[in-house]
Amino acid sequence: MGWIQSFTCITTCILLLQQQLMVEAVPMNEPRSLIERGSSLHGKFLHITDIHLDPKYLEGADIDSYCHRMKKHKKDKQVGKYGALGSRCDSPTALIQATFDFLKKEVKDIDFILYTGDTVRHDRDDDLPFSKNDILNGHKSVMKYFRSAYDIKSTPYIPTIGNNDGFNHNDVGKNDKIFSTLKSIWKPLDLNLTSTFTAGGYYVQDVVPNKLSIINLNSMYFFEKNDEVSDCGSSSSAAAIQMKWLEKNLKQYQKKKNHQVYIMGHVPPIDDDGSALYKSECYSQYLTLLGKYGSVISGHFTGHTNNDNLNAVIPKSSKKFTFMAADDGDARAVKSSLIQTQVGLFNAPSVIPVNNPGLRVYRYETEGKDYPFGTIRDWDQYYVDLEKANKQRKLKYELEYKASQLYKVDSFDGAGIGRAITYVSNNKQARKLYKKYAGVST
């Protein structure tokens with residue numbers, strides 16, 4: 001009987017060991033790709049940002065009331081049907097509806113959508129206090145707009161959190177309630193919203209199987225105006241924890257053969273005037289990571305500033321990195337560094353009519369022969385002449401420019417970005433056009 005008991009014990013132990021090995025062999029929380037393996041690719045995707053939908057907007061309202069209240073016996077002609085250009089008013093429903101009508105009709109053959117946040121209106125009007133329901137309804141409404149224009153099962157929609165998307169403007173802390181709220185609203189998107197999202201608002205999303213993943217950051221943790229989170233110098237800071245998570249993922253993808261990543265977030269590290277938008281230590285660490293892992297980063301996408309900007313991450317020393325803007329007068333003096341550009345920072349203009357409304361369609365590498373998969377090859381920048389649209393009471397998105405024609409390059413990998421900025425710095429007409437397009441031809 002003893003040998004039977006021993007045999008049973010050995011058999012049980014082997015079975016338990018086999019089960020343990022199976023568990024260890026299966027990656028836990030492996031993000032599912034949004035595009036199914038074997039699906040044909042169009043090689044294009046949409047980038048849209050800063051919608052700022054305001055259902056309270058009133059055509060002809062007093063511009064000083066944030067376009068919420070009428071003046072007595074007088075309409076403000078600047079406050080048109082589709083928005084008040086250059087004002088502090090947000091986006092009227094008519095503008096957002098017309099935008100998605102254009103997308104549904106004209107921007108069809110895309111593989112996925114990047115939305116870099118700022119969905120709801122600004123909380124500026126003291127006479128029209130912002131409620132929690134306003135925030136929730138704003139997020140739900142914009143989800144409906146995207147789903148009305150696209151089948152999100154075949155054209156995945158990947159959003160991020162903006163500084164006006166939470167329950168407190170600019171301030172987002174650890175385990176913020178907005179994370180679980182958005183996880184519920186975004187449930188139909190079938191995103192990889194694991195514990196990192198519910199705790200910190202960031203996540204990794206595989207898009208094209210074994211070829212392209214998106215690291216979706218909660219840029220609010222790095223944002224200098226977020227008083228809820230300390231700088232990255234403190235190891236317990238939510239910002240420092242996210243930074244470590246970012247490097248861990250970049251290191252992981254760098255080890256994978258022929259697998260590239262995009263990084264997306266709402267707030268860019270650099271403002272329109274070249275000043276840092278991130279907390280000082282976070283800013284330094286972030287640029288260092290972009291430079292260190294530039295070979296695996298095929299694109300970096302943000303919004304927030306409302307302007308159209310292109311920046312290059314370039315070497316500053318053997319282990320430190322800085323940036324160079326496309327219109328920087330010093331670019332000619334650092335040509336040798338521009339040749340070593342690691343990553344291009346693409347900042348798209350907004351829908352909200354601070355400038356003319358804009359949206360962008362990128363073309364990216366899908367063959368992976370001459371350039372790594374996901375490399376940005378070109379983009380079409382669309383815009384609305386808002387004054388014309390308001391006057392004619394009809395809105396039309398038009399092609400503002402094609403990037404390859406503006407920058408005279410056929411690829412926007414690191415080397416291509418360097419050549420593009422060098423060209424703009426050496427060409428007076430190109431600089432003039434760049435500055436015009438930075439403000440969306442406003």
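When the bonded cysteines of the chain are numbered in sequence order, what is the pairing? It is 1-2, 3-4. The model behind this is a predicted one, in which local features need pLDDT of at least 70 and side-chain atom pairs count only at pLDDT 80 or more, while totals for chains, interfaces and linings use all residues. Residues are numbered from 1 along each chain as its sequence is written, and side-chain values use heavy atoms, with hydrogens and water left out.

Taking a disulfide as a pair of cysteine sulfur atoms within 2.5 Å, the count comes to two. One of them joins cysteine 67 to cysteine 89, with the sulfur atoms 2.0 Å apart. This link is right-handed, with 80° about the S-S bond. Both cysteine 67 and cysteine 89 sit in the loop between β1 (44-48) and α2 (93-106), so the pair ties together parts that are 22 residues apart in sequence. Here helices (H or I, at least four residues) and strands (E, at least two) are DSSP runs, numbered from the N terminus. Cysteine 67 and cysteine 89 are buried, meaning under 20% relative accessible area with a 1.4 Å probe and protein chains only (exposed is over 50%, partly exposed in between).

Cysteine 232 and cysteine 282 make up another disulfide, at a sulfur-sulfur distance of 2.1 Å. It too is right-handed, with 95° about the S-S bond. Cysteine 232 is in the loop between β5 (212-216) and α6 (238-255) and cysteine 282 in helix α7 (residues 280-292), so this pair ties together parts that are 50 residues apart in sequence. Cysteine 232 and cysteine 282 are both buried.

A cavity is a set of points, on a 1 Å grid over the protein atoms alone, where a 1.4 Å probe fits but cannot get out, and its lining residues have an atom within 4 Å of a point. Grid points are joined across faces, edges and corners, and a volume is the space filled by probe spheres set on the points. There are three cavities of 30 Å³ or more.

The largest cavity holds about 70 Å³. Its lining includes Tyr115, His139, Asp165 and Trp186. α3 (132-149) and β3 (157-159) are the elements that give it two or more residues, and α3 gives the most, with three. The second largest cavity comes in at about 60 Å³, and among its lining residues are Pro268, Ile270, His300 and Asn347. β7 (297-302) and β10 (343-347) each give two or more residues to that lining.

Terms used:
1 Å grid on protein atoms, 1.4 Å probe; cavity = no way out; pocket = protein on both sides within 12 Å on 5 of 7 lines; lining within 4 Å.
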